[in-house]
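This briefing covers selected features of the model supplied here. It is arranged by topic for use alongside the sequence and coordinates.

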Amino acid sequence: MREVHLPRSLEELWPLLDRRPRAALYAGGTDLLVRMGRGMENPAALVCLERIEELKGVNEHGDHIHIGSCTTHSRLLAHPLVQRHLPVLAQAVKTLGSPLIRNMGTIGGNLCTASPAGDTLPPLYVLEAEVELRSGGRVRRMPVREFIRGPGVTCIEEGEILTGIRVKKPARDLLHHFEKVGRRNALACAVVSLAALIGFSPDGVVRRAALAWGSVGPTVVRCPEAEEALLGQRLSADTLQRAAALVREAVSPISDLRADEHYRRRVSGNLLLRLAERPRPGSSGIPPGCCSSK
Amino acid sequence: MEIRFVLNGRNTLVETSPDRKVTDLLREDLGLTGVKEGCGAGECGACTILVDGESRLSCLMLAAQIEGRHVTTIEGLAQGEDLHPVQEAFVEHGAVQCGFCTPGMVLSAVHLIENLSGPTREEIREGLSGNLCRCTGYTMIVDAVEAAAAKMRGEGSS
Amino acid sequence: MKEYLAVTDGGRRINPQGFDQQVQGAVAQGIGYGLMEEVLLEKGRILNPSFTDYLIPTSLDVPDIRSLAVETVESTGPFGMKGIGEVGTNAPLPAVAGAVEDALGSCPGVAPLDPGRVLRAVENREGAAGTAAAARRSRTHKEE
């Protein structure tokens, strides 16, 4: 029989973690409880964070958005601040798991699990999100790209929890794009995914580009060469094909049950081609920052 | 450990281990075998229940988590002999074959309709995408949910 | 898959809703068989023995299935009926294979027609087209 603790506040949590430093932490349980069911983890004590209200919610502070780590994916999707300022994240969360998984799973959990295929991760990378880690004694902050070290490996230390994610509000006129390729249309682990934030000059030429790929490396892959290749260009098929070729060199996919390395490499480049179909924000009455994915 | 919660509208007290899977607690300790275990890993939706009105996977919840919550299983949906409109629609539209996915499917549909008025067929498919069905091919399930949503909005016969 | 029309001869149709239930369910299974279901074996061991990795269609993978019956009378069947539980599984794979062949000029001879196999078929076609173009160029050169 395992101990299960449900602290109601951070104040209750810290002494608990002192008493049970090797307790396994979870919020929604959609990763930990599955691993325990498979016999991959067998903790003597569990701490469930789902009752700690101060870890939930989406707020704005000046030009930053703060997301509590225990905010469920469903709450995130429904939040006007996320819809308005972070559509690339909303588009990704919409494809995550299933409605049931989204009602339970949290953005903090997705980050701490640090799967190479985590759906929230490519958007958080292009948004240059920062994570906040707290323990009884201190607060640490670091960019997401430093927080995640490898597949399933983060910087989190014993006695510490991920309390929140901080994102600077992107400029209002950016194109937000996310696409996930899976083997089916729901309950699908990403085979390849792309998150993109593109800024245009008034004449339609790219002036900034942030691109991030999921499921094609041990962690999220950025490709500065591909981003450079788009700068000063229009998003034509030719430009995107050239960038796609660079991406295919940059990724390091594996072959697994879902897809082989060849497929992932080819499609990681192909995903860029979709950008040619996206309407430029501000053109033909499309509201800035608003974009639909597949 | 004692767990107090509201189950299908009734105050309930159980003595159980805090890490008992909620599916097992409901099925075996409380006799509510309408809750099904299809996979135990959150991939099929057969174990769906409502917790404080929200659809959740009971196979990925531990007993300690339901302390103080309102839990609804399929057994709690009908009012005596009167079926819930979603249940009636499922019967009328042929949305039940073997019935194994049905309790979870119905509860997911209830959650969907209560949170999204007048869902389109695509929105219904999206809302039920965590509930696998092997028998029906989903078309009649979508018909049933569409009809039930219209009825619950007061739009007359399905 | 955007739409599906199933036209089925089940002999006499006595319970129309039951008939359509069976056809629609079987078509969904056929769609899974054609597009995503595969038991992966390694030295006799199943590599994907769970719902996570053995993929069956969700509600977002199956379109509305329209079921029409062509009623005949099967004289050897009870009340003129034929069994209706399985026949619906037959057609989805050939239908998809026909579509792939229409698009690419050929179709992989293995099910499921998953994205990896279809991508290879596209690439083989590109490769073959490249080879044909090169052959044309070399013929023209020789003629000159």
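A:Ala195 has A:Ala212, in S13(A), as its bridge partner. The model is a predicted one. The two strands concerned, S12 (residues 192-200) and S13 (residues 206-214) of chain A, run antiparallel and are joined by 8 bridges.

**The sheet in chain A**

- Strands S12 and S13 belong to an open sheet of 4 strands in chain A, ordered S11-S12-S13-S14 and paired antiparallel.
- Strand S11 (175-181) and strand S14 (221-222) of chain A are the edge strands; each has a single partner strand, so one side of each lacks a neighbour in the sheet.
- In general, strands of a sheet pair through backbone hydrogen bonds, in either a parallel or an antiparallel manner.
- Helix H12 (residues 261-273) of chain A lies across S11, S12 and S13 of chain A, and the angle between helix H12 and S12(A) is about 25°.

**Chain C**

- Chain C contains 3 helices and 4 strands, which follow the order β-α-β-β-β-α-α from the N terminus.
- Of its 144 residues, 26% count as buried.
- Among contacts in chain C with a separation of 6 or more, 70% come from residues 24 or more positions apart.

**Contact between chains B and C**

- The contact involves 18 residues of chain B and 16 residues of chain C.
- On the chain B side, helix H4 (121-127) and helix H5 (139-152) each contribute at least two residues.
- The side of chain B that touches chain C comprises 8 nonpolar, 6 polar and 4 charged residues.

Note on methods:
Residues numbered from 1 in each chain as written. Chains lettered and ligands numbered in written order. Predicted model: local features only at pLDDT ≥ 70, side-chain atom pairs only at ≥ 80, totals over all residues. Pairing = 2+ DSSP bridges. Contact = placed C-beta atoms within 7 Å. Axes fitted to C-alpha atoms, helices over the stretch in contact; angles between N-to-C directions. Buried ≥ 20, exposed ≤ 12 C-beta atoms within 10 Å, placed from the backbone. Nonpolar A, V, L, I, M, F, W, Y, C, P; charged D, E, K, R; others polar.
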